[in-house]
Amino acid sequence: MKRQIIIFGIFSILIVFAQPAMADRQGFVRTVVIDPGHGGRDPGALGAQSKEKDIVLAIALKLGGYIESNFDDVKVIYTRTTDEFVELHRRAQIANENKADLFISIHCNSAANRRAFGAETFVMGLHRSQENLEVARKENAAILYEDNYLETYGGYDPNSPEANIIFSMYQNIYLNQSLTMASLLQDQFRDRAGRHDRGVKQAGFLILYNITMPGILVEAGFLSNPQEEKYLMSEMGQAHIASAIFRAFRDYKNYQDNLVAQQLENNGSIYAKSARHGSGVSISEDNTGLASKTKDGPIISFRVQFATTSQERAVDDPVFKDLQGVGFYFHEGLYKYTLGNESTVESAGQIQQKLHARGFNDAFIVAFKDNERIPLADAIKLIEQQAHNP
Ligand SMILES: [Zn+2]
């Protein structure tokens, strides 16, 4: 019986909140929605001396200011600019109605272990660890401050262990763009803001579930860690965090805008080639060698890694479920199996989605420079540079 209620809940949520998947926003980055978490009667995480709602608002306003003063062509929209309570579905609605090109939700973490510290960025997806699930559960609990949350969210109850079932049906059509932004941001947190890099993660966040554009949820640091709380409360700390997000936004916008400009040039229409939503996307077995060398530059390629073993397996091993064109590389003592060899991260994203559909839920994109594994963000930057100096 309980299951039936939950299933009913799934459909209600889909009906009420699911936006048409064809709402394609493969365009220039012109509108960004900045979402400071919590507010008003919902304080968010509590530090010894601070509340999450105040810190994330300060960071959000700084970030918006940096974007506005550096980009004439970008409209900044906030889900709140004061200490007010904004319902979670309303936040998503603001982003969807304004046809935002990117959504940035800003939060701070807390943990029972006071030593936990560092910054992490989430994109919508299935959690791979209990720890990630716990972060999403805490943030989703914001709806408990809403009057009719069960009704509004189709029976979704953040406290129910089964609640996350709805997220397993989720198809993140903006996963690649969201991952690009997330990984650019973690680079900035690590290299520019000197934060401990906790990495790019996935979990089922209601707020990201309900938006119809690429989006990330930033956990800027732990208010439960006394040193980090002090940093996050300081003017300097807030400016560092905001400027890290700003720099990642700038790099993401450059990357995305170049990509769109290139596609416009190549195809006349950016939509002509945009096949990433349909079920018609197929794993192209003849992709090998697609990654091409531009004049004098290194060869940058993207593959989708879906399995790792300590012992080599034949590519026709049953574990590969009859996938064609499986390749592997040896890295850090392990055999890592991949599909595709693509010149763009988008094209690799299509293969990744197909692999997810085949049950390889953990498949993710890896990048190579002249066949050496490199960080994804580095590869994207190199491609961008090559685009500038053809
Ligand atoms: Zn939060």
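1. Let's start with the second largest pocket, which holds about 570 Å³ of space. On a 1 Å grid over the protein atoms alone, a pocket is an open set of points with protein on both sides within 12 Å along at least five of seven lines, while a cavity is a set where a 1.4 Å probe fits but cannot get out. A volume is the space filled by probe spheres set on the points, which are joined across faces, edges and corners.

2. This is a predicted model, in which local features need pLDDT of at least 70 and side-chain atom pairs count only at pLDDT 80 or more, whereas totals for chains, interfaces and linings use all residues. Residues are numbered from 1 along each chain as its sequence is written, and side-chain values use heavy atoms, leaving out hydrogens and water.

3. Lining residues have an atom within 4 Å of a point. Domain 1 (2-255) and domain 2 (279-388) each give at least three residues to this lining; the domain bounds come from an automatic or database assignment.

4. The largest cavity has a volume of about 120 Å³, and its 18 lining residues include Leu88, Arg91, His107, Glu139 and Ala142, which lie nearest its centre.

5. The second largest cavity has about 60 Å³ of space. Among the residues lining this cavity are Met124, Tyr170, Asn172 and Gly215.
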